[in-house]
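Open the model in your viewer and keep the selection panel at hand.

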Amino acid sequence: MPTTSEAPSGGEDFALLAGAPESPVILHVPHSSRRIPANVRPGIVLDDAALERELDHITDAHTDAVAEAAAALAGTTPWRFVNRTSRLVTDPERFPDEREEMAAVGMGAVYTRTTHREPLRADGTDPEPLLARYFRPYARAMADAVAGRLAATGRAVVLDVHSYPTEPLPYELHGTGPRPPVCLGTDPFHTPPGLLAAAREAFAPCGETGLDSPFGGTYVPLEFHGRHPGVSALMVEIRRDTYMTEPGGPVRGGPDGPGLRRLAAALAALADAASA
């Protein structure tokens with residue numbers, strides 16, 4: 001059965017997990033959850049078996065565990081902002097308007113199509129209730145987290161933690177490009193060369209690192225995007241076969257398998273480099 005529950009109150013749809021007061025780093029984990037709140041489930045047209053399959057494909061499984069292990073390994077503990085609901089509820093990393101290119105395949109801030117371009121929600125579904133209930137509170141809380149790091153340290157570094165399948169899925173707009181073990185997504189304003197160089201060095205033990213393929217860009221809260229030079233950001237996209245059984249299976253070698261440990265150590269090294 002899909003993971004469902006009653007919609008929680010307050011901030012239980014996401015969590016900000018405190019790091020060291022002197023750390024500017026936030027490990028952002030937006031797509032690791034499979035949770036579909038009970039009030040959202042009726043709006044999804046898939047039956048339970050099909051929804052489970054879609055969650056297997058769309059969820060960045062175990063990226064919360066990678067971030068948790070990295071935080072424990074880091075010399076200066078980074079902060080973590082973790083989404084507790086599935087991206088099938090709302091996707092906090094999409095633009096909520098015409099700027100979002102993924103809207104062309106029904107995968108804007110509120111998805112109407114699946115990874116295989118099949119119906120997920122009925123045509124004409126009004127996204128506003130979901131945006132109001134889930135998307136905007138998440139965006140506000142993440143902006144507040146970034147503002148908190150700016151106030152405390154004078155800067156903020158968002159490391160956006162994702163994963164992606166070995167083989168492209170039909171929804172991908174740029175699926176024909178390279179699919180390295182680690183893809184680093186950049187923003188021309190918010191990704192300084194030093195941060196990118198530190199990421200390449202940190203993830204070298206994990207295999208080849210690529211740039212902006214098959215996924216590009218990185219997450220910055222909209223109120224800072226393109227405006228605040230004190231906010232740096234980098235997306236880390238991990239190819240799933242390097243640490244887990246695809247499409248939505250367990251970590252290879254158990255919860256603390258060698259692939260996950262290697263990735264966590266690399267992410268910890270990057271967090272420490274970004275904190276220095």
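Start with helix α2 and select A72 and L73: these exposed residues sit on the face of α2 turned away from its buried side. Exposed means over 50% relative accessible area, buried under 20%, and partly exposed in between (1.4 Å probe, protein chains only). Helices (H or I, at least four residues) and strands (E, at least two) are DSSP runs, numbered from the N terminus. A note on the source: this is a predicted model, where local features need pLDDT of at least 70 and side-chain atom pairs count only at pLDDT 80 or more, while totals for chains, interfaces and linings use all residues. Residues are numbered from 1 along each chain as its sequence is written, and side-chain values use heavy atoms, with hydrogens and water left out.

**The other face of α2**

Now select T63, V66, A67, A70 and A71, the buried residues of α2 (residues 63–73). Look down the helix axis: they fall within an arc of 130°, so they line one face of the helix. The arc is that of the directions from the helix axis to the C-beta atoms. An α-helix has 3.6 residues a turn, so residues three or four places apart point the same way. Next, show β3 (25–29), β5 (79–83), β6, β9 and α5; the buried residues of α2 pack against these elements. Contact here means heavy atoms within 4.5 Å.

**Helix α4**

Move to α4 (residues 193–203) and select L195, L196, A198, A199, A202 and F203, its buried residues. Down the axis of α4 they fall within an arc of 160°, so they too line one face of their helix. Which exposed residues does the face turned away carry? Select P193, G194 and E201. Then bring up the packing partners of the buried residues of α4: β6 (156–164), β7 (182–185), β8 (209–211), β9 (231–239) and α5 (258–275).

**The nonpolar cores**

Select L159, F203, L234, L263, L267 and L270. Of the 36 residues in the largest nonpolar core, these touch the most other members. A nonpolar core is a set of buried Ala, Val, Leu, Ile, Met, Phe, Trp, Tyr and Cys residues joined through side-chain atoms within 4.5 Å. β3, α2, β6, β7, α4, β9 and α5 each give two or more residues to this core. The largest share, nine residues, comes from α5. Zoom in on L159: among the residues it touches are V25, L27, L195, L234 and L267. For a second, separate core of 27 residues, select A50, I58, Y111 and M235, which are included in that core.

**Salt bridges**

How many salt bridges does a search of the whole structure find? It finds 16. The criterion is a side-chain nitrogen of Lys or Arg within 4 Å of a carboxyl oxygen of Asp or Glu.

- Select R34 and D56: their side chains meet in a salt bridge (2.9 Å, N to O). R34 lies in the loop between β3 and β4 (36–37) and D56 in helix α1 (residues 48–58), 22 residues apart. R34 is partly exposed at 22% relative accessibility, and D56 is partly exposed at 21%.
- Select R99 and D97: the closest N and O atoms of this salt bridge are 2.8 Å apart. R99 has 47% relative accessibility; D97 has 28%.
- Select R94 and D91: this salt bridge spans 3.6 Å, N to O, and both residues are buried.
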